[in-house]
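The following exercises examine how the parts of one protein structure meet. Each task is followed by a solution in steps.

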Number of protein chains: 2
Amino acid sequence: MIVLTEIRDVREHLRAERFAAAKEGRELQVGFVPTMGYLHEGHASLLRSARMDNDLVVLSIFVNPIQFGPNEDFDRYPRDRDKDMALAKREGVDIVFLPSVDEMYPQPTKTKVHVAELTDHLCGAARPGHFDGVTTVVSKLLNIVAPDRAYFGQKDAQQVAVITQMVQDLNMDVEIVPCPIVREEDGLALSSRNVYLSPEQRQASLVISRSLRLAEQMAREKESATAGDIASELVRSIEAEPTAVIDYADIRRFPSLESVPSSMRVKDADGKLLIAAAVKFGATRLIDNVILTMEGDK
Amino acid sequence: MIVLTEIRDVREHLRAERFAAAKEGRELQVGFVPTMGYLHEGHASLLRSARMDNDLVVLSIFVNPIQFGPNEDFDRYPRDRDKDMALAKREGVDIVFLPSVDEMYPQPTKTKVHVAELTDHLCGAARPGHFDGVTTVVSKLLNIVAPDRAYFGQKDAQQVAVITQMVQDLNMDVEIVPCPIVREEDGLALSSRNVYLSPEQRQASLVISRSLRLAEQMAREKESATAGDIASELVRSIEAEPTAVIDYADIRRFPSLESVPSSMRVKDADGKLLIAAAVKFGATRLIDNVILTMEGDK
């Protein structure tokens, strides 16, 4: 495993590897897992998928300032270099790209990549500018690494949808591979931000995954359930936990993220539905979701 | 010379060529000239530069709807496929990429690339959204062709500055090569839009290049000339032609496009200065410019 901090070195290294493979008649397949570090088993699952599908695996760790709002947690976002390196090594990563903020933004970027519509709601409504920061940095990283495949966790379902749209619209030559949410045994979706939770908040936070499971069950089992019924059930169930403050609890088409009429029976939905929630416990905002593929479309 | 209309075919062809070269131990160098067609000797000079620097030359011809405003000339933009093909052949182009609007935009793009600040003034002020359309389509084309070098005419000096900024900000792995303006013998900068001019307008339009030359001469020869003096002289000289309607006539730093204080002596300027004008003759809007590198900085 090699650790590189400069863009030039990453490019140079990958160019040499690709060229050497081609000389031997092989097309080198590169898998890329962009992260903000403080790696957990969710990230490990992305790295395992990347390892399985590709000849070479690149992991980037970069806490991207431009995707944080002014009152968000950029400064205190958790960092643990040694633990991250150990996990990367364990998962057979070939190249870790660890750029500084100056390396990625030698000047403040004048260029932004913006995906319209998909970013107007859900996390986009609560975090203005967040997705422009994400799509801009992901564009930069994809341009630096030029991978064949890039892996993203489905926990950030809106991020997956937005990046997939960007790649399609801009004809980026990469396959976006979404990977399933990894959970603690008690159901909490893994997130680097879980470290912020007090023991009481950690316990209370289980209401999110539990409520999403209830909503999913209702969608699957209750023939007459409408999108409105499911959204109400989700809100009711989360609000049963008095310390939970809902940012949103919503049901939308996936991956278009278009709204569905609340009167629509979910059984009648075409394709996939996303049931998603963002909930605050104190200063910590957690997100989680389930994606339903209705029987009629399997 | 081969002509391709599908993105998939362009990618596939270039991939195969690159791979074949690498197998023989060569890194294939690809030069790219993106155009809107109706090719003239300005385009030919770009193709010649590309031919000189690279193993393989790709020309794209695509009249990009999203860079035209609702009241602009998208529908009547001149097209002449046969003449374009003849010029491309003459200049030794290897691949002509001729996509349809549907191929480039199977759905309306939700994603836009935006470069701030550099697009606020000059042509950006008169053509809102124009540069977002340019940077978005150029991103798409660069992602499709993945060239080592891309060639742009310096006549669109703001476009060169904006694209260079985008490539730098987004870490696109391509060298942007600006090429000098090509002029008719009488000074008119070559443009596909010159075809719109009536004989009288064609004659009147000479005022632009003549006035830019005057402004340039003043900047070079008059020690005390300020940026304001030069801008005034430019305006005065263009307005001497009664049918000319000035959109802008401005002096700015290049390539930052930052404004310069009108009281600044141009002799004291650091680096390059752009003197640029956009002038309408009837419905036809023409642009032209000169770039000065002041003695002190050579």
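Buried area is the accessible area (1.4 Å probe) that two parts lose on being put together, summed over both. The model is predicted: local features need pLDDT of at least 70, side-chain atom pairs count only at pLDDT 80 or more, and totals for chains, interfaces and linings use all residues. Residues are numbered from 1 along each chain as its sequence is written, chains are lettered from A and ligands numbered from 1 in the order in which they are written, and side-chain values use heavy atoms, with hydrogens and water left out.

**Exercise 1. Describe the interface of domain 1 and domain 2 of chain A.**

Step 1: locate the domains. Chain A is assigned domain 1 (2-179) and domain 2 (192-290), the bounds coming from an automatic or database domain assignment. Between their C-alpha centres the distance is 27 Å.

Step 2: consider the extent of the interface. Contact means heavy atoms within 4.5 Å; by this rule, 22 residues of domain 1 of chain A meet 17 residues of domain 2 of chain A. The two domains bury about 1800 Å² between them, with 59% of it on carbon and sulfur atoms. Of the area that domain 1 of chain A buries against domain 2 of chain A, 30% is supplied by Arg76(A), Leu122(A) and Lys155(A), more than any other three residues.

Step 3: A salt bridge requires a side-chain nitrogen of Lys or Arg within 4 Å of a carboxyl oxygen of Asp or Glu. One salt bridge is found across this domain interface. Arg193(A) forms a salt bridge with Asp73(A), their closest N and O atoms being 2.8 Å apart. A polar contact is a pair of N or O atoms within 3.5 Å; within protein, one must be able to donate a hydrogen and the other to accept it, and residues adjacent in sequence count only if both atoms are side-chain atoms. Nine residue pairs are in polar contact across the domain interface (both at pLDDT 80 or more).

Step 4: identify the elements. Helices (H or I, at least four residues) and strands (E, at least two) are DSSP runs, numbered from the N terminus. On the side of domain 1 of chain A that touches domain 2 of chain A, two or more residues come from each of α5 (123-126) and α7 (157-169) of chain A. The largest share of that side, four residues, belongs to α7(A).

**Exercise 2. Where does Pro255(A) lie, and which residue is joined to Pro255(A) by a cis peptide bond?**

Step 1: Pro255(A) is in the loop between β8 (245-254) and β9 (272-281) of chain A.

Step 2: inspect the bond. Phe254(A) is joined to Pro255(A) by a cis peptide bond, omega being about 5 degrees.

Step 3: turn to chain B. The peptide bond from Phe254(B) to Pro255(B) is also cis, with omega near 5 degrees.
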